[in-house]
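Please read the following note with the sequence and the structure at hand. The points are numbered so that each can be followed separately in the viewer.

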Amino acid sequence: MHRQTLPVPVHQAAQDSPTLARLAQLARESGERLKAVESLIPPTLRRFVKAGPIEGSSWCLLVEGNAAAAKLRQVLPALQALLCDRGWQVTSIRIKVQARAS
């Protein structure tokens with residue numbers, strides 16, 4: 001006799017698995033960090049910047065294109081300072097350049 005398994009909603013799966021719960025928490029926090037620093041990112045660059053992974057005290061921003069990444073690097077010290085002022089322990093912000101969508 002086959003036992004049918006039903007799909008599990010993501011939030012329930014995250015609650016049932018400590019690993020998934022931690023990943024979901026980090027994804028949420030990364031989005032919150034981006035929202036916190038968004039006002040410091042030049043408006044013309046915002047659409048090219050996405051929240052990336054958090055690894056310990058390092059945070060990664062995913063950026064479309066080398067030109068946008070170069071401009072964003074200029075404001076990294078301000079982004080890091082704001083995050084620290086808001087209670088996040090961020091010792092470095094990395095930029096990962098993504099290929100631009102065609």
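Predicted model: local features only at pLDDT ≥ 70, side-chain atom pairs only at ≥ 80, totals over all residues.

1. A polar contact is a pair of N or O atoms within 3.5 Å; within protein, one of the two must be able to donate a hydrogen and the other to accept it. By this definition, the side chains of Arg33 and Glu29 make a polar contact, at 2.7 Å.

2. The overall plan may be set out next. The chain contains four helices and three strands. Read from the N terminus, these elements follow the order α-α-β-β-α-α-β. Of the 102 residues in the chain, 31% are buried. When contacts between residues at least 6 apart in sequence are considered, 54% of them join residues at least 24 apart. The chain exposes about 7200 Å², and carbon and sulfur atoms supply 54% of that area.

3. How many salt bridges does a search of the whole structure find? The search finds two. One of them joins the side chains of Arg33 and Glu29, with an N to O distance of 2.7 Å. Because Arg33 and Glu29 are four residues apart in helix H2 (residues 18-37), about one helical turn separates them. A general rule applies here: an α-helix has 3.6 residues a turn, so residues three or four places apart point the same way.

4. Are Arg33 and Glu29 buried or exposed? Both are buried. The cut-off is a relative accessible area under 20%. Glu29 has a value of 18% and therefore counts as buried; Arg33, with 3%, is buried as well.

5. Leaving aside neighbours up to four places away in sequence, Glu29 touches Ile54 and Trp88. With neighbours within four places likewise set aside, Arg33 is in contact with Ile54, Trp59, Leu83, Trp88 and Val90.

6. The other salt bridge is formed by Glu55 and Arg94, whose closest N and O atoms are 3.7 Å apart. This pair links distant parts of the chain, since Glu55 belongs to strand S1 (residues 49-55) and Arg94 to strand S3 (residues 92-98), 39 residues apart. Arg94 has a relative accessibility of 35% and so counts as partly exposed.

7. Helix H3 (residues 66-73) has Ala68, Ala69 and Leu72 as its buried residues. These cover an arc of only 100° around the axis, which means that they lie on the same side of H3. Asn66 and Ala67, on the other side of H3, are exposed. The buried residues of H3 pack against S1, strand S2 (58-64), helix H4 (76-85) and S3.

8. Which residues of H4 are buried? They are Leu76, Leu79, Leu82 and Leu83. Viewed down the axis of H4, these residues fall within an arc of 130°, so they line one face of the helix. Pro77 and Asp85 are exposed on the other side of H4. The cover over the buried residues of H4 includes H2, S2, H3 and S3. One of these buried residues, Leu83, is also in contact with Arg33. After H4 comes Gly87, which has a positive phi, near 100°.

9. The cysteines require a brief remark. How many disulfides does a search of the whole structure find? The search finds zero. Cys60 counts as buried because its relative accessibility is 2%. Cys84, at 38% relative accessibility, counts as partly exposed.

10. What distance separates the C-alpha atoms of Pro42 and Val75? These atoms are separated by 9.0 Å, although the two residues are 33 residues apart along the chain.

Terms used. Residues numbered from 1 in each chain as written. Heavy atoms only, no water. Disulfide = S-S within 2.5 Å. Buried < 20%, exposed > 50% of the residue type's maximum accessible area, 1.4 Å probe, protein only. Salt bridge = Lys/Arg side-chain N within 4 Å of Asp/Glu carboxyl O. Helix = DSSP H or I, 4+ residues; strand = E, 2+ residues; numbered from the N terminus. Arc of directions from axis to C-beta. Contact = heavy atoms within 4.5 Å. Areas by Shrake-Rupley, 256 points an atom, 1.4 Å probe, with all protein chains shown as cover.
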